[in-house]
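Trainee: Could you take me through one part of this structure closely? Please go step by step.

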There are 2 protein chains.
Amino acid sequence: MRSFEELSKEFIAKFNGRHFPASPASLYEPAEYFLRLGGKRIRPVICLMGNELFDEIIQDTYSLAIAIELFHNFTLIHDDIMDKAPIRRGMATVHEKYNEPTALLSGDVMLVVAYNYINKIRSPQIHQVIHLFNKTAMQVCEGQQMDMDYEKISELSLSDYLQMIELKTSVLLAASLQMGAILGGAGEGNQKHLYEFGKNLGLAFQIQDDYLDAFGDPAKFGKQIGGDILSNKKTFLLVKAMETATSPQKKEMIELTRSNSPDKVKRMLSIFKACGVDEAAKILKEKYIESAYQHLEDILVLSKRKDPLKQLAQMLVHREY
Amino acid sequence: MRSFEELSKEFIAKFNGRHFPASPASLYEPAEYFLRLGGKRIRPVICLMGNELFDEIIQDTYSLAIAIELFHNFTLIHDDIMDKAPIRRGMATVHEKYNEPTALLSGDVMLVVAYNYINKIRSPQIHQVIHLFNKTAMQVCEGQQMDMDYEKISELSLSDYLQMIELKTSVLLAASLQMGAILGGAGEGNQKHLYEFGKNLGLAFQIQDDYLDAFGDPAKFGKQIGGDILSNKKTFLLVKAMETATSPQKKEMIELTRSNSPDKVKRMLSIFKACGVDEAAKILKEKYIESAYQHLEDILVLSKRKDPLKQLAQMLVHREY
């Protein structure tokens, strides 16, 4: 049983290097460029952890982990086009450095290469893995579409918001764990609990993300506090505040999202606090964490095998940066 | 053994109807809309023919045929974004009717659903099918990237042009036939010949396409003659003419591609004729057709099994519309 850090080192060593042919460079160099921007590689590493929870990691799972990371990067390249985002990980996005058609096509080909890695799986479970991979890929697309649809709506229900972040963020974490577990020989019950562990952890993670952006310690957070407020991003805090605010508060929030006044962040934060959504975020996050731990508890393997996942969960949801 | 028309009827009956979930409609309705625009469904039908050349069509091949048609439509949706094309099959393209982000995402999800159909294959040959499908998908992306790269170049070599149309058009026809043959139980030698038959037929088809756009009979062609010339599209005729023209002719062609003079088509056609590229197109097309027939000849099955493919080849390359 290895920790996230240990498996992460091992995965990154395997993942570094080229994944695409050399030619035509105009198509494949943008794809390689984006992969070189790095990232925490959380999804592929937890896929390995999902396998190791039940048995020694097999070669199939390493191929699958690479496919998962390529899929994730494909979604980022295309999301950046849709969001017109100029910067990712401190560097120019693909459409910004090259152009939109090239970014679109590099993303497409990255998804195809992800399926090339999946096709290396020799386990008879390959059908189950592809089924879950595809289902999840569709859900991630659905989440991104909802995110875009919801940009146009000023009042979004909390349940719609939660469904959107579940699809956009959590299901891939959950499925990465489950696909690793499938190849690790886990039974269906255990697979299901591991999926739910990942899903709840992902939701807690996203709510923590929303919270830190508004209420994080600037010294530790590393980014500008209030970035989501400035960009009018739908977050748990905004959606929940819109649900619980008084009429005048609601009116002020709607005005603020339409303005660029210099005290926009300060005023929005003060409404958030008055509505108590900072506390609500903490409570909901704890609820998801508790549910995640309960599902981990319910997995029928020796307790000590679960330690690396417990540590990872601690790290992900109690981070302050 | 059934003809292209018979199999086409059967395939279209199976293909009609929904391929996507109902919700979110903002994602899936654009995908369904595009499929409803129709098309000749050549690729999936020749996939069925590739199977039937060797044995009765199995269920796996119907799933694969649907995957191939979805893949083809995915490339069309994304190509239309990249080419900023407003019209496809007489109707608004997806990005035009909805918007670019939606078209991008609908295309993405269509590719994922294509892999869902592939995952229905139960034959142990599934790995070989996915391998060829992915390799072909990458080549189609490469062809599209080259097409965009070559738009910026005024003098393109004939071999670069032929490589580009091979990747963009021919390999998917060739692979559709071969994947059908794999599931039909064909041996490797027969598969290879069938692939080469499809590839050469595709090249002949594209050159015929270029020829008809310039020299077709307006009464039969159904589109405006000279459309490619007006849009400065790289065609066999233009590329070959640039290779064989005299200096003054070359200069005139370069000037014409930069102008929108009302006699642009007429003047370009007269240079094409002076350079003899109309004849060159016919000769090269015949060379490819001959090569296609030779490969079909070399396939070791009873000659009468090949009749439907022979008829299809006749229809594709001797059409005047």
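This is a predicted model: local features need pLDDT of at least 70, side-chain atom pairs count only at pLDDT 80 or more; totals for chains, interfaces and linings use all residues.

Mentor: Start with its length. α2(A) has 12 residues, and at 1.5 Å a residue these should span 16 Å. The C-alpha atoms at its ends are 15 Å apart, so the two values agree.

Next, the buried residues. In α2(A) these are Leu27(A), Tyr28(A), Pro30(A), Ala31(A) and Phe34(A). Around the axis they cover an arc of only 155 degrees, so they sit on the same side of α2(A). An α-helix has 3.6 residues a turn, so residues three or four places apart point the same way.

What covers these buried residues? From chain A, the cover includes α4, α5 (94-97) and α6. Just after α2(A) comes Gly38(A), with a positive phi of about 85 degrees.

Now to the partner chain. In all, 29 residues of chain A are in contact with 29 residues of chain B. On the chain A side, α2 (25-36), α4 (59-83), α6 (100-118) and α7 (126-151) each give two or more residues. The largest share, 13 residues, comes from α7(A). By class, this side of chain A has 17 nonpolar, 9 polar and 3 charged residues.

Last, how the copies relate. A rotation of 180 degrees, with 0.0 Å of shift along its axis, superposes chain A on chain B with an RMSD of 0.0 Å. That is the relation of a two-fold axis. Both copies use the same surface: 100% of the contact residues of chain A recur in chain B.

Notes
Residues are numbered from 1 along each chain as its sequence is written. Chains are lettered from A and ligands numbered from 1 in the order in which they are written. Two residues are in contact if their C-beta atoms, placed from the backbone, lie within 7 Å. Helices (H or I, at least four residues) and strands (E, at least two) are DSSP runs, numbered from the N terminus. Ala, Val, Leu, Ile, Met, Phe, Trp, Tyr, Cys and Pro count as nonpolar, Asp, Glu, Lys and Arg as charged, and the others, Gly among them, as polar. The expected span of a helix is 1.5 Å times one less than its number of residues. A residue is buried if 20 or more other C-beta atoms lie within 10 Å of its own, exposed if 12 or fewer, and partly exposed in between; C-beta atoms are placed from the backbone. The arc is that of the directions from the helix axis to the C-beta atoms. Copies are superposed by least squares on the C-alpha atoms of residues with pLDDT of at least 70 in both.
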